[in-house]
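Dear colleague,

I am passing on the structure that we spoke of, and below it you will find my notes on what turned up in it. Please read them with the coordinates open beside you.

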Amino acid sequence: MDMQESAEKKERGAASGNGKGMGGVLLGYLKSARVGVSIRGLKKSFGQNHVLRGIDLEVSPGETVVILGKSGTGKSVMLRHIIGLEQPDSGRILIGGEDINDPDFRKNHVISMVFQSSALFNSLTVEENVALYLKEHKVFDDGKIHKLVSSALEIVGLEGKESIMPSMLSGGMKRRVATARALVMNPDLILFDEPTSGLDPMMTRTVGDLICDLKHKIEITQIVVTHDIDLAFYVADRIAILSEGRIIEYGTPEEIRCCKDYAVREFITPQFELERR
Amino acid sequence: MNGVMSFFKVTGGLVSLLMETLYWCKAALGNTDKILDQLLVIGYQTLPVGALIALFSGGVLALQAGPTLARLGIEENVGGLVGLSLVKELGPVMASILIAGRVGSAMTAELASMSVYEEIDALKTMDINPVRYLVMPRFIATVLALPVLVIYMDVIGWFGGAVVSTINPEVHLSFSVYYRNLADLVDFTAFCNGLIKAGIFGVIISIVCCYVGLKTKGGPREIGTAVTKAVVLSFVLVLVFDYYVTRILLFFGLD
């Protein structure tokens, strides 16, 4: 039992960058631009399916906001709008005060996203996956890219796994490689889409620690979409509850816990507790 | 009505992807490693099978035509018949079908899988254009590889015809007579004719297979459907364009 606990601590410590070196090269490189996000009147329908029915949300610079909601409430669609993979029917998204559809937006801001499926390229090694953005945009020479990639992998607790193919990694490790890939982009904003879905409780905690570390060490703005209530309360500065395409409650974890709204209570209270009452 | 709309949508999508790919060919020099990778994949997947197909196709042409020509007393023309058939028509079409079946299907499966598992989206979020990164290297590699594969298959097909013409007692032609007749009838224009067709078929196969792959949505089942769709569409378009390209080449006196 003791050995198991020790292994868990070691794993979590590595993942949260508490190991030797602490990914210092990458931490020195990350600029922490601390941009805010402003979503105004966002609406989106797919045919007759009205997924987003007018979303208004303000995220302060350096804040970690969790979008919480049941499956199929439009959380991922909202995230895809923020990163520009979907175009809204109406409404605007401003990041750092700039509309994401402005032609110069991509020149001034970098947004990265950790996908639910991790979206690693199976034909590339872990190192090539993490280095892809830097290599394609010729940001640095190969030597510096290698150092940054190693540093990013150290931060996510995967040092020494550079030459492994994604197919040989577990779901949690893939998620951490995807996070390393997102970090080396030196983003102003990181989006996480269901970062703990399909992971065991220990790995869920590891991912949660990683998000907290990014918040405290780099003070990067993060938006996390999840239906994992424990993770939400663990990492969030503020929580938005999304239901049927609208944000029905937005506040700090304490405010959400104390909220009397039935829909919110129904969602954040464990089912067995509701039944007991 | 839906069928008509779908036809125009697919045609528009194919032309649009072709234009974007041609635009991104300007980045070819900076992506030579990816193009070489694709050329290696194409070579590895097609050369052994191509040799086998060409050898037996040349052989069967000689087997079918040889005895008939021998009965007419013009069996020395087997070389020219096999040579011209392969160079102008069979070589480009067989190579295209081979490329579509082995390489095109793999292209569609890979890109469809990337679409389904959000890898294309990941590329977009990294501000990496999927057409530049994924389609352009495959396009250039296919357009370069197909004419080379046609030459390779032509030469092996000629040899297959020569072997059958020699060992078939009804024809019994020597290698020298076979190849002399072939050299007399297969001129440079005929050779170029086949290579032009191969280049055009390379454009069709790469664009169709990449387009279908990139447009795939859903799950693993849709990946299989996409592969079938891409290969069938490639076959149909290759055969349809074969007719029109031949007509155009005839019009310009190149056939």
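A note on handedness comes before the rest: a crossing is called left-handed if the near helix is turned anticlockwise from the far one by less than a right angle, and right-handed if it is turned clockwise. Please keep in mind that this is a predicted model, in which local features need pLDDT of at least 70 and side-chain atom pairs count only at pLDDT 80 or more, while totals for chains, interfaces and linings use all residues. Residues are numbered from 1 along each chain as its sequence is written, and chains are lettered from A and ligands numbered from 1 in the order in which they are written.

I begin with chain B, whose secondary structure comes to eight helices and zero strands, where helices (H or I, at least four residues) and strands (E, at least two) are DSSP runs numbered from the N terminus. The C-alpha atoms of chain B fill a box of roughly 70 × 40 × 35 Å along the principal axes. Of its 255 residues, 44% count as buried, a residue being buried if 20 or more other C-beta atoms lie within 10 Å of its own, exposed if 12 or fewer, and partly exposed in between, with C-beta atoms placed from the backbone. Among the contacts in chain B with a separation of 6 or more, 86% are between residues 24 or more positions apart; two residues are in contact if their C-beta atoms, placed from the backbone, lie within 7 Å.

Helix α5 (residues 130-167) of chain B packs against helix α6 (residues 175-185) of chain B at an angle of about 135°, with their axes 9 Å apart; axes are lines fitted to C-alpha atoms, for helices over the stretch in contact, and angles run from 0 to 180 degrees between N-to-C directions. α5(B) and α6(B) are therefore oblique to each other, given that angles under 35 degrees count as roughly parallel, over 145 as roughly antiparallel, 65 to 115 as roughly perpendicular and the rest as oblique. The crossing of α5(B) and α6(B) is right-handed. To this contact α5(B) brings W158(B), A162(B), S165(B) and T166(B), and α6(B) brings F175(B), Y178(B), Y179(B) and L182(B). By class, the contact of α5(B) with α6(B) has six nonpolar, two polar and no charged residues, where Ala, Val, Leu, Ile, Met, Phe, Trp, Tyr, Cys and Pro count as nonpolar, Asp, Glu, Lys and Arg as charged, and the others, Gly among them, as polar.

Chain A has 12 helices and 10 strands, and buried residues make up 43% of its 277 residues. An open sheet of six strands in chain A has the order β6-β7-β8-β3-β9-β10, with mixed pairing; two strands pair if DSSP finds at least two bridges between them. The edge strands are β6 and β10 (246-251) of chain A, each of which pairs on one side only, and the twist averages 20° from one strand to the next.

Within this sheet, strand β7 (residues 189-193) of chain A has five of its five residues buried, so it is largely enclosed by the rest of the structure. Both of its faces are covered, with L189(A), L191(A) and D193(A) buried on one side and I190(A) and F192(A) on the other. Strand β6 (residues 111-114) of chain A pairs with β7(A) in the parallel sense over four bridges, and M113(A) stands opposite L191(A). β7(A) is also joined by five bridges to strand β8 (residues 221-226) of chain A, again in parallel, with I190(A) opposite Q222(A).

Helix α3 (residues 75-82) of chain A has eight of its eight residues buried, so it too is largely enclosed by the rest of the structure. The buried residues of α3(A) include K75(A), R80(A) and H81(A). α3(A) lies across β3, β7, β8 and β9 (238-243) of chain A, running at about 150° to β8(A).

Another open sheet in chain A has four strands in the order β2-β1-β4-β5, with antiparallel pairing. Here β2 (49-59) and β5 (98-99) of chain A stand at the edges with a single partner strand each, so one side of each is left without a neighbour in the sheet.

Finally, the contact between the chains takes 10 residues from chain B and 13 residues from chain A. The side of chain B that touches chain A has four nonpolar, one polar and five charged residues.

With best regards
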